[in-house]
Amino acid sequence: MQPVSELQLREATANFKFKGRLLDRRVYGSGHINDTYLLTYEIAEMGSMKVILQKMNREIFKNPVELMENIVGVTSHLRKKIIANGGDPDRETLNLISAKDGKPYYVDSKGEYWRSYIYITDATSYDRVERPEDFYESARSFGHFQRLLADYPAETLHETIAGFHDTKARFKVFQEAVEKDVCSRAAEVQEEIDFVLAHEDVANVFAGLQEKGEVPLRVTHNDTKLNNIMIDNKTRKGICVIDLDTVMPGLAMNDFGDSIRFGASTAAEDEQDLDKVSCSMELYDCYVRGFLEGCAGSLTAEETELLPMGAKVMTFECGMRFLADYLEGDHYFKVYREKHNLDRCRTQFKLVKDMEEKWDTMHEIVNKYR
Ligand code: ADP
Ligand code: GN1
Ligand code: MG
């Protein structure tokens with residue numbers, strides 16, 4: 001991916017309906033996919049206003065126009081629901097700022113796609129759980145998000161990444177990456193490759209249930225990392241679900257599981273000391289409680305029963321994706337050091353092993369709250 005040049009940034013900035021004088025501009029956040037900037041404007045004597053400017057990742061999102069159609073549709077839907085529920089639509093959903101030509105995105109002279117959101121002030125997106133209550137709040141918010149979108153016309157949503165959580169298909173892609181071994185890295189990671197191959201059943205479990213019609217497709221977020229939620233600094237309530245690029249029909253268990261693999265870990269996603277990595281049952285408990293409350297009875301008995309499996313599948317899938325990216329030369333996830341994706345893969349597999357040991361407890365906790 002080409003780095004963003006100063007000229008390109010200026011061009012993008014000049015083509016949105018921003019008002020006032022630009023005071024500050026900085027690279028922002030710790031997402032692995034898009035290029036995010038925080039811009040601060042001074043507006044006459046009225047003080048300052050912050051906006052988010054993002055260059056979308058066009059290698060990953062092949063059709064940015066369709067992607068933006070999804071985001072306009074989903075945020076408009078959420079806005080109406082939030083107003084009907086007496087909430088604050090300026091803080092509780094993402095709000096796009098249009099480009100000068102009125103479109104919800106801008107295409108720069110290099111063909112890159114940009115978008116802008118109003119910055120949600122006085123709130124934080126956390127990379128690690130600092131207080132268990134925050135994790136509980138994030139769970140409520142993601143569960144509630146799913147419920148708010150329960151009546152969204154799913155057939156109008158574009159698939160922004162084909163087979164995004166089709167773990168079975170990803171397993172095949174992984175095997176191909178091992179066979180091709182384009183960077184000659186496979187020999188060095190044989191232990192991790194063997195771990196994947198030994199878990200093919202985990203990769204297939206949800207595809208099997210879907211084929212039998214045992215689990216429903218819902219409109220889900222599909223990227224429910226803790227840092228994709230804004231937590232209000234004062235009230236410490238989860239106020240807004242962000243990063244809507246992958247809102248698509250999906251499985252409730254996967255939204256649950258992706259949050260667990262990231263937030264219930266006792267260490268960072270890229271921790272190198274694996275002794276520090278485990279799945280905290282205390283945090284898992286908080287999340288189960290919050291997610292079931294947020295979903296407010298909308299999950300079927302089967303889906304609820306499968307929540308622990310969602311955690312295992314998503315953690316396994318993510319580890320497999322990190323390892324595939326490592327084998328393919330780190331073209332998908334942003335990396336900041338050598339073997340970064342390999343370190344990330346190892347934490348995920350450590351978590352899978354830990355979940356396997358805690359499997360009964362994980363079910364008991366779900367049963368406590370269902
Ligand atoms: P990525 O797909 O790369 O993860 P995100 O859309 O999640 O991109 O944005 C990256 C980070 O930028 C988020 O984790 C969050 O910290 C911050 N962010 C994004 N949008 C907003 C917003 N509207 N208000 C405040 N912070 C935001
Ligand atoms: C990416 O965009 P971000 O950083 O919130 C990825 C997720 C992975 C996650 C791993 C579109 O999430 O699927 O689980 O990294 N998003 C996409 O940290 O691939
Ligand atoms: Mg993100």
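Visitor: Which residues are closest to ligand 2?
Guide: In this predicted model, the shell around ligand 2 holds 19 residues. By class, eight of them are nonpolar, four polar and seven charged. The closest are H32, K225, E269, R321 and Y332.

Visitor: How far is the polar side-chain atom of Y332 from an oxygen atom of ligand 2?
Guide: Polar side-chain atoms reach oxygen atoms of ligand 2 from several residues, among them K225, at 2.8 Å. The side chain of R321 also places an N or O atom 2.8 Å from a ligand 2 oxygen. For Y332, the distance is 2.5 Å.

Visitor: What share of ligand 2 does the protein bury?
Guide: The side chain of Y332 has a polar atom 2.5 Å from a ligand 2 oxygen. Taken alone, ligand 2 exposes 440 Å². Of that area, the protein buries 98%.

Visitor: Which element gives the largest share of the shell around ligand 2?
Guide: Domain 1 (6-121) and domain 2 (132-369) each supply at least three residues to this shell. The largest share from an element is three residues, and it comes from helix 11.

Visitor: Which residues are closest to ligand 1?
Guide: Ligand 1 is surrounded by 20 residues. Ten are nonpolar, nine polar and one charged. The closest are N34, Q54, I120, S125 and N227.

Visitor: Which elements give two or more residues to the shell around ligand 1?
Guide: A polar backbone atom of I120 is 2.9 Å from a nitrogen atom of ligand 1, and a backbone N or O atom of N227 is 2.9 Å from a ligand oxygen. The side chain of N228 has an N or O atom 3.0 Å from an oxygen atom of ligand 1. The elements giving two or more residues are strand 3 (48-55) and strand 6 (113-118).

Visitor: How many disulfides does the model have?
Guide: A disulfide needs two cysteine sulfur atoms within 2.5 Å. By this rule, the count is zero.

Visitor: Where is the cysteine sulfur nearest to that of C286?
Guide: C286 takes part in no disulfide. Its relative accessibility is 9%, so C286 counts as buried. The nearest cysteine sulfur is 12 Å away, in C279.

Note on methods: Residues are numbered from 1 along each chain as its sequence is written. Chains are lettered from A and ligands numbered from 1 in the order in which they are written. This is a predicted model: local features need pLDDT of at least 70, side-chain atom pairs count only at pLDDT 80 or more; totals for chains, interfaces and linings use all residues. Side-chain values use heavy atoms; hydrogens and water are left out. Buried means under 20% relative accessible area, exposed over 50%, partly exposed in between (1.4 Å probe, protein chains only). A residue is near a molecule or strand if one of its heavy atoms lies within 4 Å of it. A polar contact is a pair of N or O atoms within 3.5 Å; within protein, one must be able to donate a hydrogen and the other to accept it, and residues adjacent in sequence count only if both atoms are side-chain atoms. Helices (H or I, at least four residues) and strands (E, at least two) are DSSP runs, numbered from the N terminus. Ala, Val, Leu, Ile, Met, Phe, Trp, Tyr, Cys and Pro count as nonpolar, Asp, Glu, Lys and Arg as charged, and the others, Gly among them, as polar. Accessible areas come from the Shrake-Rupley method with a 1.4 Å probe; for residues, only the protein chains shown count as cover. Domain bounds come from an automatic or database domain assignment.
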